[in-house]
Amino acid sequence: MTSHPSSPELPLAASDALLPAVPLLALDRQNAPLRDEIRAALQRVCDSGRFVLGPDVADLEKELGAILGVPHVIACASGSDALLLALMALEIGPGDEVVLPSYTFFATASAVTRLGATPIFADIDAATYLVDPADVARKMSRRTKAIIPVHLFGRTADMNALAAIARGAGVPIVEDAAQSILSTWDGRCSGALGDVGCFSFYPTKNLGGAGDGGFLTTARDDLAAALRLLRVHGMEPRYYHSLVGINSRLDSLQAAIIRVKLPHLDAWTSARQVNAARYDALFAERAFEGFVVPPAQDARNRHVWNQYVIRVPEGRRDALRAHLGRCGVGTEIYYPVPVHLQECFRDLGWGRGDLPETERAAEETLALPIFPELTPAEQRTVVARIAEFFGAGARDATAAVKEAPADTASSVPAPRFLRRVVGRADDVRC
Ligand SMILES: Cc1ncc(COP(=O)(O)O)c(C=O)c1O
């Protein structure tokens with residue numbers, strides 16, 4: 001291991017107390033002030049007896065369309081289904097290739113393989129973790145039928161460069177905007193930048209429901225019509241099927257809850273941005289260079305911070321995470337195994353070394369708490385705990401982790417009273 005620069009100082013006055021726990025996500029803080037409104041909305045839906053699609057879903061689609069600046073919004077059962085439906089509407093199938101990043105949630109790629117098409121993985125930019133347009137260009141072939149950029153962590157991919165590649169090849173762009181609602185590129189919202197946008201209402205997303213849900217956006221009338229059919233088994237009118245679709249309808253109860261939350265999304269997004277700026281300042285304040293690389297800035301997009309992801313070089317990420325876990329600080333790794341190295345995709349023939357920046361990110365990145373209701377004291381605790389790891393206590397902390405049986409926080413359980421707030425990986429999947 002190469003030598004490290006001098007240790008960072010603790011970004012806290014000695015008199016400041018560190019908090020005993022900082023959760024990765026605390027949905028209860030967001031939901032509590034809305035409890036009465038949510039209950040009333042649920043009651044209204046129950047009284048109406050309309051539980052699938054229905055007026056709440058139609059109204060939600062209209063409201064989202066107005067906010068995002070897209071003519072068509074089609075709600076569906078999940079972000080994963082949104083991706084599948086988008087590719088179905090584009091008639092992607094066996095023999096076709098789709099270019100996409102491997103540094104993403106699994107669903108981006110499984111939508112391609114479920115239709116019998118082949119994912120072709122492009123590497124990411126080391127600073128933004130977003131798909132690298134130059135590598136996308138290299139991966140295009142005569143068989144390429146679509147490009148899927150993923151607006152990862154809440155930051156929009158370089159849509160100018162990607163649109164030029166797609167135009168040149170005559171292929172559509174399907175935006176995976178699951179993590180990026182309200183992010184923009186040159187002033188336009190993600191989901192309004194390609195041919196189809198795919199979003200998720202999974203509870204950890206910036207606009208999360210109380211279960212699974214998702215939606216699609218498009219300006220293309222042909223795709224909107226196909227998507228509306230495909231989500232209901234291609235059925236119109238009832239029991240007459242012109243297409244083979246799937247059952248992917250959004251429940252009215254989900255739509256009603258999301259409609260209560262939607263008016264707050266802008267303020268919640270601003271709070272995430274304030275929190276990100278506070279982390280930036282806390283990291284800049286002290287000498288973290290060489291220990292922690294905070295997220296890069298990019299003036300061309302509005303980053304909505306679904307995740308605040310730091311890079312921890314020199315093979316110390318997992319030890320830092322274990323230390324934070326012991327201190328009650330919730331973190332997550334998005335994603336520990338890139339899609340091209342997943343066991344189920346072994347037959348695709350990709351191996352270690354094929355996507356160097358993707359593989360490095362999988363080994364070095366760590367998501368810190370960034371949810372809107374996070375307090376300054378909690379953020380100072382997170383950064384102080386990181387400084388503690390690299391500072392005076394770093395040697396001890398690393399030694400302790402080396403003796404532990406495995407190298408992740410899950411193998412180092414938080415004290416019993418903290419487990420609920422630190423959360424489990426399946427509570428915070430992204
Ligand atoms: C980048 C990305 N794509 C797709 C999905 C799938 O969304 P869902 O969980 O709603 O199926 C998610 C989130 O889970 C995601 O983060």
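Reader: Where is the place of Leu182 in this structure?

Author: In this predicted model, Leu182 sits in the loop between strand S5 (174-176) and strand S6 (184-185).

Reader: What is phi of Leu182, and how should I read such a value?

Author: Most residues other than glycine have a negative phi. Phi of Leu182 is near 80 degrees, a positive value in a residue other than glycine.

Reader: Is Leu182 buried or exposed?

Author: A residue counts as buried if 20 or more other C-beta atoms lie within 10 Å of its own. Leu182 has 21 other C-beta atoms within 10 Å, so it is buried.

Reader: What is the phi of Glu91, and where does Glu91 lie?

Author: Glu91 is not a glycine, yet its phi is positive, about 60 degrees. Glu91 is found in the loop between helix H4 (79-89) and strand S2 (97-101).

Reader: Is Glu91 buried or exposed?

Author: The cut-off for exposed is 12 or fewer other C-beta atoms. Glu91 has 10 other C-beta atoms within 10 Å and is therefore exposed.

Reader: Turning to peptide bonds, what kind of bond joins Glu236 and Pro237?

Author: Most peptide bonds are trans. The bond between Glu236 and Pro237 is cis, with omega about -10 degrees. Pro237 belongs to the loop between helix H8 (221-230) and helix H9 (252-261).

Reader: What is omega for the bond that joins Tyr334 and Tyr335, and where does Tyr335 lie?

Author: Omega is about 5 degrees for the bond joining Tyr334 and Tyr335, a cis peptide bond. Tyr335 lies in the loop between helix H11 (317-326) and helix H12 (356-364).

Methods: Residues are numbered from 1 along each chain as its sequence is written. This is a predicted model: local features need pLDDT of at least 70, side-chain atom pairs count only at pLDDT 80 or more; totals for chains, interfaces and linings use all residues. Helices (H or I, at least four residues) and strands (E, at least two) are DSSP runs, numbered from the N terminus.
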